[in-house]
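Please open the structure in your viewer and keep the selection tool at hand. This tour moves from the whole chain to single residues, and each stop begins with something to select.

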Amino acid sequence: MASEDTTFGLLAGRQSLQMRQKLLSWHAHARTWLNQKDIPVHLVRYEDLKRDTPRVFRDAMHFAGRRIAPADAERAARLADFPQLQAQERAEGFAEWPSRRGLHNFFRRGEADGWRNELSSEQIMCIQRQHGAMMERLGYALEIAPNTERPA
């Protein structure tokens, strides 16, 4: 999340199935997409998707040049509901996240803002120092101001 050197498709000693691409840190990666003018971009925040899945899905489809009926958006939202995805993963696995020596499932909890309750004050401050400007740009409230302690 904080590394400027993160890459996809760089495997030591073998050819990757994916072309090598540099990802940058989270805020720099987001900035490169949001600031570029060559490719139209439609931002979808997970929090908004959780709050009103059918509307956010309809908006994304409209951006892509496709209109869908409200009933179709509702059906898509039901099929992509988090418990539904978890059940599918338990039954069939998830190809993009093969089992890895006891690591948690890909579809873990599906909560918006869950990180705020799981990370330590130190970790939250680190994230805010590194990514706070982009977080604010995207409408995320910073939990605590720099140089203040998080309440216990």
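## The whole chain

Of the 152 residues in the protein chain, 20% are buried; here buried means under 20% relative accessible area, exposed means over 50%, and partly exposed lies in between (1.4 Å probe, protein chains only). The model is a predicted one, in which local features need pLDDT of at least 70 and side-chain atom pairs count only at pLDDT 80 or more, while totals for chains, interfaces and linings use all residues. Residues are numbered from 1 along each chain as its sequence is written, and side-chain values use heavy atoms, with hydrogens and water left out.

Select the protein chain and colour it by secondary structure. There are 7 helices and 2 strands; helices (H or I, at least four residues) and strands (E, at least two) are DSSP runs, numbered from the N terminus. Followed along the sequence, the pattern reads β-β-α-α-α-α-α-α-α.

Next, display the surface. The accessible surface of the protein chain is about 11,700 Å², and 53% of that area belongs to carbon and sulfur atoms. Accessible areas come from the Shrake-Rupley method with a 1.4 Å probe; for residues, only the protein chains shown count as cover. As for contacts (heavy atoms within 4.5 Å), consider those between residues at least 6 apart in sequence: 36% of them join residues at least 24 apart.

## Helices H1 and H7

Select residues 26-35, which form helix H1, and residues 121-137, which form helix H7. Two packed helices are described by the angle between their axes and the distance between the axes. At what angle do the axes of H1 and H7 cross? They cross at roughly 40° and come within 8 Å. Axes are lines fitted to C-alpha atoms, for helices over the stretch in contact, and angles run from 0 to 180 degrees between N-to-C directions.

H1 passes H7 in a left-handed crossing. A crossing is left-handed if the near helix is turned anticlockwise from the far one by less than a right angle, and right-handed if clockwise. Show the side chains that make the contact: Trp26, His27, Ala30, Arg31, Leu34 and Asn35 of H1, with Gln130, His131, Met134, Met135 and Arg137 of H7. By class, these residues divide into 5 nonpolar, 4 polar and 2 charged. Ala, Val, Leu, Ile, Met, Phe, Trp, Tyr, Cys and Pro count as nonpolar, Asp, Glu, Lys and Arg as charged, and the others, Gly among them, as polar.

Now centre the view on Gln130, a residue of helix H7. Gln130 is partly exposed, with a relative accessible area of 35%. Leaving aside residues up to four places away in sequence, Gln130 touches Ala2 and His27. Gln130 and Ala2 are 128 residues apart along the chain, yet their C-alpha atoms are separated by 7.1 Å.

## Helices H3 and H4

Select helix H3 (residues 53-63) and helix H4 (residues 70-79). Their axes come within 8 Å and cross at roughly 115°, and H3 passes H4 in a right-handed crossing. Thr53, Pro54, Phe57 and Arg58 of H3 make the contact with Pro70, Ala73, Glu74, Ala76 and Ala77 of H4. This contact has 6 nonpolar, 1 polar and 2 charged residues.

## Salt bridges

Side chains of opposite charge can pair when their charged atoms come close. The structure holds 7 salt bridges, a salt bridge being a side-chain nitrogen of Lys or Arg within 4 Å of a carboxyl oxygen of Asp or Glu.

- Select Asp48 and Arg45, whose side chains meet in a salt bridge (3.0 Å, N to O). Arg45 is buried, at 15% relative accessible area, whereas Asp48 is partly exposed, at 22%.
- Select Arg109 and Glu118, a salt bridge with the closest N and O atoms 2.3 Å apart. Arg109 is partly exposed, at 36%, and Glu118 is partly exposed, at 39%.

## A last stop in a loop

Finally, select Asp113, in the loop between helix H5 (82-92) and helix H6 (115-118). Most residues other than glycine have a negative phi. Phi of Asp113, however, is near 65°, a positive value in a residue other than glycine. Asp113 is partly exposed, with a relative accessible area of 30%.
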